[in-house]
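Dear colleague,

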Amino acid sequence: MSTPRALDPFLRFSQALRGAGHPVSPDQSIDFIASVGLLGPRDMMDIYRSGRAIFAIPPERVSEYDALFRAVFLDQVIQAPAEGDEDDALEAYEPTSTRTEVEADRDDSPIGAEPTTAERLSQRDLTQGNAAAVQRLMREAAGALPRRLSYRRRRAKRGDRIDMRRTLREAAKRDGEVIQLLQTRRKTRQRRVVVLIDVSGSMKARSEDMMRLAHAVVQAADSAEVFTLGTRLTRITQALRPGDPAQALARAGEAIADFDGGTRIGDALSAFLSVPRYAGFARGAAVVVLSDGLERGDPTAMIEAVRRLARSAWRLDWLTPLAADPAYSPQTEGLSAILPVLDHLGDGDSIAAVTNHILTMARL
């Protein structure tokens with residue numbers, strides 16, 4: 001018997017606390033749900049206080065509790081600032097039904113050439129353009145995307161295990177005589193595809209096309225997740241769910257507030273890995289990063305985050321428009337350092353190049 005959907009966030013919250021090292025018992029999880037039902041909460045703060053009381057959160061771990069609560073109940077997480085950088089935390093954002101008005105600061109710096117660290121909040125109209133460029137992906141994805149073995153099994157003429165139940169059932173029809181040993185083999189299912197799109201100023205010329213491609217991936221794949229990287233990390237998978245490209249891209253354009261802003265690839269990837277739910281998306285998945293990799297300043301955060309991501313993913317591919325030249329070799333410190341852990345560094349200059357790579361990942 002499945003649990004009501006209304007209880008999902010409460011169960012996920014208990015799991016998140018347990019995963020973060022809090023000693024949460026099953027009885028406490030049950031008491032948490034019961035207390036919320038008993039109180040009849042008027043707003044989210046009542047649920048927040050109930051959880052703090054039931055789970056006995058110590059004062060020194062309240063900030064961690066706050067972050068996990070926001071991740072599960074509000075779908076919005078702010079990464080804890082790094083040591084010595086308390087005023088420069090990077091925000092991981094997942095749009096909800098609540099709209100937030102953000103006033104963009106004036107920024108006279110040139111856009112589209114060099115990476116920047118300043119946050120520039122702006123939105124863009126993504127509804128213009130021709131969706132014909134991704135028709136090949138929509139048409140061929142079902143048979144071309146990488147697959148993995150499932151734990152479920154199916155009948156097979158040449159399998160790897162005897163289907164004892166069917167074999168005995170057929171034998172019973174023949175007075176116990178076994179005519180043939182029927183076999184099974186494991187089913188396969190599509191691997192999750194995770195697309196991370198750089199929407200910073202240096203990728204301005206291509207970010208709109210990559211968003212249209214991401215919409216096609218979400219529509220064509222059995223399981224896909226899409227995030228944007230800039231001065232913040234934004235999950236736009238839900239925004240891209242509608243089948244109508246114009247509607248989906250309009251929603252994505254409203255959700256992404258840091259179009260053409262600064263470049264903080266390392267911090268954005270670190271934020272992705274710091275949220276357990278997001279990091280779980282990458283486990284065993286085909287991860288594709290669409291970025292030029294031009295990280296300004298110390299690339300240590302980017303290098304470490306990519307190494308962690310590579311250990312979790314089935315394969316990690318980095319597609320950069322700089323690789324349109326067949327003779328391209330990475331020159332920046334960041335890309336040079338992560339090259340050994342990448343499964344592929346390739347051309348991300350156009351929709352056609354990225355589409356061709358996604359459709360051939362299974363054969364690489």
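Two strands are taken to pair if DSSP finds at least two bridges between them. Helices (H or I, at least four residues) and strands (E, at least two) are DSSP runs, numbered from the N terminus. Please note that this is a predicted model, in which local features need pLDDT of at least 70 and side-chain atom pairs count only at pLDDT 80 or more, while totals for chains, interfaces and linings use all residues. Residues are numbered from 1 along each chain as its sequence is written, and side-chain values use heavy atoms, with hydrogens and water left out.

I begin with the sheet. Three strands form an open sheet in the order β3-β5-β4, and their pairing is antiparallel. Its edge strands, each pairing on one side only, are β3 (147-156) and β4 (161-162). Two bridges join β4 to β5 (residues 183-190) in the antiparallel sense. Within β5, threonine 184 stands opposite arginine 161. In general, strands of a sheet pair through backbone hydrogen bonds, either parallel or antiparallel.

I turn next to the helix pairs. Axes are lines fitted to C-alpha atoms, for helices over the stretch in contact, and angles run from 0 to 180 degrees between N-to-C directions. Angles under 35 degrees count as roughly parallel, over 145 as roughly antiparallel, 65 to 115 as roughly perpendicular and the rest as oblique.

Helix α1 (residues 8-19) packs against helix α2 (residues 26-39) at an angle of about 140°, the axes being 10 Å apart. The two helices α1 and α2 are therefore oblique to each other. The crossing of α1 and α2 is right-handed (a crossing is left-handed if the near helix is turned anticlockwise from the far one by less than a right angle, and right-handed if clockwise). Phe10, Leu11, Phe13, Ser14 and Arg18 of α1 meet Ser29, Phe32, Ile33 and Val36 of α2, where contact means heavy atoms within 4.5 Å. By class, this contact of α1 with α2 has six nonpolar, two polar and one charged residues. Here Ala, Val, Leu, Ile, Met, Phe, Trp, Tyr, Cys and Pro count as nonpolar, Asp, Glu, Lys and Arg as charged, and the others, Gly among them, as polar.

For helix α3 and helix α4 (residues 62-74), the packing angle is about 135° and the axes lie 11 Å apart. Helices α3 and α4 are therefore oblique to each other, and their crossing is right-handed. Among the residues in contact are Met44, Ile47 and Tyr48 of α3 and Val62, Tyr65 and Phe69 of α4.

Helix α7 (residues 204-220) and helix α13 (residues 351-360) have axes that come within 10 Å and cross at roughly 30°. This makes α7 roughly parallel to α13. Asp209, Met210, Leu213 and Val217 of α7 meet Ile351, Val354, Thr355 and Ile358 of α13.

Arginine 49 forms one with aspartate 46, with the closest N and O atoms 3.8 Å apart. Arginine 49 and aspartate 46 are separated by about one helical turn because they are three residues apart in helix α3 (residues 44-54).

Yours sincerely

Technical notes:
Salt bridge = Lys/Arg side-chain N within 4 Å of Asp/Glu carboxyl O.
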